[in-house]
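Hi everyone, thanks for coming. Today I'd like to walk you through one protein chain, step by step. Have a look at it first, and then we'll talk.

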Amino acid sequence: MSHTIGLLVEMLVAALLLLTIGYCMLLNKRLKRLKADEQSLKATIAELITATEIAERAIGGLKVTVRECDQTLGSQLASAGEIADRLKTQTLAGEEVLHRLSRIALAARPVAAEAAKDAKPAARSLVAAAQAFTERRKAGGLAA
């Protein structure tokens, strides 16, 4: 009976050793797969680091471009403001001239009505000359 118990214990140990060997083989496969994944993960991390560096350089370039655009737009806005102020001043001056001309025209109307009977051809030639003068001034780039 003692041989039987010894034989059973030895068989049990052998079975456990076989299970241990099988489990070690399974663990070995998993470790190999994990090492392969580690290599691919390292490669992915290296690519991410490279992409991050490229993005940081691109962001730096964009910041410089934004600063340059801001300066350029600022100067152009200031210039546009000055031009708008000049145009406003010139418009007001033109309105003043128009008001003076209309007052002169209104004051000369009664005299012109009497003189128109005698000088209709002369008035027409005066209007034609004024229109020609205006067209020449416009063609030259200057307002009449």
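Let's start with a question: where is the place of Val9? Val9 sits in helix α1, which covers residues 2–139. Before we go on, please keep in mind that this is a predicted model.

Now the overall picture. The protein has 1 helix and 0 strands. There are 144 residues in the protein, and buried residues make up 0% of them. As for the surface, the protein exposes about 13000 Å², and 68% of that is supplied by carbon and sulfur atoms.

Back to Val9, then. Is Val9 buried or exposed, or something in between? Its relative accessibility is 46%. Buried would mean under 20% and exposed over 50%, so a value in between is called partly exposed. That is why Val9 counts as partly exposed.

Next, charges. Side chains of opposite charge can pair when their charged atoms come close. How many salt bridges does the structure hold? The structure holds 2.

One of them joins Glu38 and Lys42, where the closest N and O atoms are 3.7 Å apart. A salt bridge here needs the nitrogen and the oxygen within 4 Å, so this pair qualifies. If you follow the helix, Glu38 and Lys42 are 4 residues apart in helix α1, so about one helical turn separates them. Glu38 is partly exposed at 36% relative accessible area, and Lys42 is partly exposed too, at 48% relative accessibility.

There is also a salt bridge between the side chains of Arg100 and Glu96, at 3.7 Å from N to O. Arg100 and Glu96 are 4 residues apart in helix α1, which means that about one helical turn lies between them. Arg100 is partly exposed, with a relative accessible area of 45%, and Glu96 is partly exposed with 39%.

Finally, let's turn to cysteines. A disulfide is a covalent bond between the sulfur atoms of two cysteines. How many disulfides does a search of the whole structure find? The search finds 0.

Definitions and conventions: Residues are numbered from 1 along each chain as its sequence is written. This is a predicted model: local features need pLDDT of at least 70, side-chain atom pairs count only at pLDDT 80 or more; totals for chains, interfaces and linings use all residues. Side-chain values use heavy atoms; hydrogens and water are left out. Helices (H or I, at least four residues) and strands (E, at least two) are DSSP runs, numbered from the N terminus. Buried means under 20% relative accessible area, exposed over 50%, partly exposed in between (1.4 Å probe, protein chains only). Accessible areas come from the Shrake-Rupley method with a 1.4 Å probe; for residues, only the protein chains shown count as cover. A disulfide is a pair of cysteine sulfur atoms within 2.5 Å.
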